[in-house]
Amino acid sequence: MKIVFASSHEISQHEWIEPLAQALPGAEVVLWRPDLPAQDADVAVVWTPPDALFQRERRLRAVFNLGAGVDALFRLPSLPPDMPVVRLEDAGMAVQMAEYAVWAVVRASRQFDAYVAQQGAGQWQPLPELDRAQWPVGVLGTGVMGTRVAQTLAALDYPVAGWSRSGKVPAGVEGFAGADQLPAFLARTRVLVNTLPLTPETRDIMRRDTLRQLLPGAYLVNMGRGDHLVEEDLLALLDTGHISGATLDVFRQEPLPQEHPFWRHPRVTVTPHVAALSLRRQTIAQVADKIGRFMRGEPLTGVVERDRGY
């Protein structure tokens, strides 16, 4: 079996190629380079690969993505329409997403930013205690990541609801399903946490007419994809006060341009797409297991359904 590893980012042989080869004894693992001829590989392991990969490697039987989101792959014109795409599941990312959500929600609800400002002014002024009933959280997307986020916030006694295509949610979380129930989900939500995959149906889902359905003084946390949010609409709703603040980890253009108003907005917190990073050891172990199962013809999870986009 031959595996080609391809990425638009600089890849360390020591960090990725050698450990993957060790996890798959008998397999040959090579790094794809644009200046080399076709490797005639059986499978590809990729992270934002160049389109030229699929133009050159014509014998690929499947592609294994080093992340949960596969929208960048599907934008490549040369990706064969019948090529099986297998995405990463968790690999240490779900707990990071939950940590990020807790950080953002607790900062907003416990008014910790106000205490930081008080410290700068030398003020000692306790603020009103938190009433969690006044901070209902709504999680967009209840896959592996969204489920962990919803469970963690529910364990902190926030009223939590989840919205997804199926409406399936863990115990202790209120479920909403499909487009028909989206308005009711938004109407009961003060803190909106997005963990959705990017599909044609979810693109621009956070726009003026949907965000206006949130409770007054709403707070937004986006950990999904930048294209889920219409950025101009968020800025307008921040100006009106309907949305009180936002913590944003993903953007339509990354890195976020220096001239973008999010950088300087007093009620927007920007982080550089770090809410959940694939942990190398767990990622290699999971990908190696999936490749082994695929080559042996065994069932495996994480196979992307093209019509759903995840």
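Entry 1, the first sheet. I took two strands as paired if DSSP finds at least two bridges between them, and I worked throughout on a predicted model. On that basis I found five strands in an open sheet, in the order E2-E1-E3-E4-E5, with parallel pairing. I noted that strand E2 (28-31) and strand E5 (85-86) stand at the edges with a single partner strand each, so one side of each has no neighbour in the sheet. Which strand do two bridges join to E5? I found that it is strand E4 (residues 62-65), which runs parallel to E5, and I saw Val63 standing opposite Val85 of E5. I then looked at what covers the other strands, and found helix H1 (residues 13-23) lying across strand E1 (2-7), E2 and strand E3 (43-47), at about 160° to E2.

Leu192 has Leu220 of E10 as its bridge partner, and Asn194 stands opposite Asn222 of E10. Five bridges join E10 to E11, and these two strands also run parallel; on this side I found Thr247 of E11 as the bridge partner of Val221. Are the faces of E10 covered or open? I found both covered, with Ala218, Leu220 and Asn222 buried on one side and Tyr219 and Val221 buried on the other. This accounts for the burial of five of the five residues of E10. In a regular strand the side chains alternate between the two faces of the sheet.

I found H4 mostly covered, with 13 of its 17 residues buried. Just after H4, I noted that Gln111 takes a positive phi of about 60°.

I looked for the residues that touch the most other members of the largest nonpolar core, which has 48 residues, and found Ile3, Leu20, Val45, Phe64, Val137, Val193 and Met223. Which element gives the largest share of this core? I found that it is H4, with nine residues. Domain 1 (2-91 + 278-308) and domain 2 (93-270) both give residues to this core, so I place it between them. Apart from this core I found another, of 27 residues, among them Leu182, Leu192, Ala218 and Leu237. Finally I listed the contacts of Val45, leaving aside its neighbours within four places in sequence, and found Ile3, Val4, Phe5, Ala6, Leu20, Phe64, Leu66, Val287 and Ile291.

Conventions
Residues are numbered from 1 along each chain as its sequence is written. This is a predicted model: local features need pLDDT of at least 70, side-chain atom pairs count only at pLDDT 80 or more; totals for chains, interfaces and linings use all residues. Side-chain values use heavy atoms; hydrogens and water are left out. Buried means under 20% relative accessible area, exposed over 50%, partly exposed in between (1.4 Å probe, protein chains only). Helices (H or I, at least four residues) and strands (E, at least two) are DSSP runs, numbered from the N terminus. Contact means heavy atoms within 4.5 Å. Axes are lines fitted to C-alpha atoms, for helices over the stretch in contact, and angles run from 0 to 180 degrees between N-to-C directions. A nonpolar core is a set of buried Ala, Val, Leu, Ile, Met, Phe, Trp, Tyr and Cys residues joined through side-chain atoms within 4.5 Å. Domain bounds come from an automatic or database domain assignment.
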